[in-house]
Amino acid sequence: MNQKKGGFLISEKEIKERVKAIADEISRDYNGKNPLLVGILKGAFIFLADLIRELSIDAEVDFLAVSSYGKATETSGEVKILKDLSESIDGKDVIIVEDIVDTGLTLKYLYELLKTRNPNSLKICVFLDKKERRVVEVPVHYVGFEVPDLFLVGYGLDFAEKYRQLKYIRELTPEEVKNV
Ligand code: PRP
């Protein structure tokens with residue numbers, strides 16, 4: 001499973017360094033506060049777990065599980081909430097934590113949704129940004145890596161529910177895509 005194939009790769013070491021750098025930035029920005037990190041399941045669980053352990057400030061955690069909008073509804077961008085937050089975010093400093101922003105439809109929807117719940121502040125932190133794929137604008141405040149439009153897996157990102165456990169990010173080979 002740890003076998004690395006050719007193609008695009010973000011190593012475990014690069015990921016560790018970048019996650020620490022983002023955590024330092026968040027710790028500085030939220031100094032004296034107690035932000036609530038909202039992880040978007042499933043993909044964000046690994047990034048969130050690493051990020052929170054590098055923070056030097058207190059932070060709380062909650063999760064939202066969403067279903068992808070699928071091809072048919074891609075233009076509406078409506079996201080189905082499978083599991084909502086367990087508590088109110090009224091007056092809280094909320095940071096949405098995502099594994100990847102692609103078209104932006106998922107995060108745009110969630111950002112607008114959480115804004116209506118009266119948080120004190122609301123920011124977005126993504127591990128990967130596929131900027132060239134963006135369809136709607138979404139305010140992304142913290143970014144791990146800007147990546148090209150390739151099929152990437154690992155570090156929480158799956159292909160047909162596989163590969164999430166890889167400690168690095170890599171490109172899927174055409175054979176792997178075929179053999180699902
Ligand atoms: C991925 C990712 C985002 C969304 C990003 O989720 O976690 O939620 O796609 O795409 P967008 O910017 O085009 O909206 P996915 O559907 O793969 O679900 P998962 O997190 O459960 O793997």
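## A buried glutamate

E176 is buried, at 12% relative accessible area (buried means under 20% relative accessible area, exposed over 50%, and partly exposed in between, with a 1.4 Å probe and protein chains only). The residue sits in helix 4, which spans residues 174–178; helices (H or I, at least four residues) and strands (E, at least two) are DSSP runs, numbered from the N terminus. The side chain of E176 makes a polar contact with the side chain of R170, at 2.9 Å. A polar contact here is a pair of N or O atoms within 3.5 Å; within protein, one must be able to donate a hydrogen and the other to accept it, and residues adjacent in sequence count only if both atoms are side-chain atoms.

Before going on, a word on the ground rules: this is a predicted model, in which local features need pLDDT of at least 70 and side-chain atom pairs count only at pLDDT 80 or more, while totals for chains, interfaces and linings use all residues. Residues are numbered from 1 along each chain as its sequence is written, and side-chain values use heavy atoms, with hydrogens and water left out.

## The antiparallel sheet

R170 also leads us to a sheet, as the bridge partner in strand 9 of V153. Strand 8 and strand 9 run antiparallel and are joined by 2 bridges. They belong to an open sheet of 3 strands, in the order 1-9-8, with antiparallel pairing; two strands pair if DSSP finds at least two bridges between them. Strand 1 (9–10) and strand 8 are the edge strands, each pairing on one side only.

## The mixed sheet and its helices

A second open sheet has 6 strands in the order 4-3-2-5-6-7, and its pairing is mixed. Strand 4 (80–83) and strand 7 (142–146) stand at the edges with a single partner strand each, so one side of each has no neighbour in the sheet. From one strand to the next, the twist averages 30°. (Axes are lines fitted to C-alpha atoms, for helices over the stretch in contact, and angles run from 0 to 180 degrees between N-to-C directions.) Strand 6 (residues 121–129) and strand 7 run parallel, joined by 4 bridges, and V126 has V143 in strand 7 as its bridge partner.

Helix 1 packs on this sheet, touching strand 5 (93–101), strand 6 and strand 7, and its direction makes about 160° with that of strand 7. Helix 3 packs on the sheet too: it touches strand 2, strand 3 (60–67), strand 4, strand 5 and strand 6, at about 170° to the direction of strand 5. Contact means heavy atoms within 4.5 Å.

K167, by comparison, is 130 residues away along the chain, and its C-alpha atom is 22 Å from that of L37.

## Charged pairs

Side chains of opposite charge can pair when their charged atoms come close. A salt bridge is a side-chain nitrogen of Lys or Arg within 4 Å of a carboxyl oxygen of Asp or Glu, and the count comes to 17 salt bridges. E12 is partly exposed at 35%, whereas K16 counts as exposed at 56%.

E161 and K42 meet in a salt bridge at 3.1 Å, N to O. E161 lies in the loop between strand 8 (152–153) and strand 9 (169–171), and K42 in the loop between strand 2 (36–41) and helix 2 (45–54), so the pair ties together parts that are 119 residues apart in sequence. E161 is partly exposed, at 47%, and K42 is partly exposed, at 47%.
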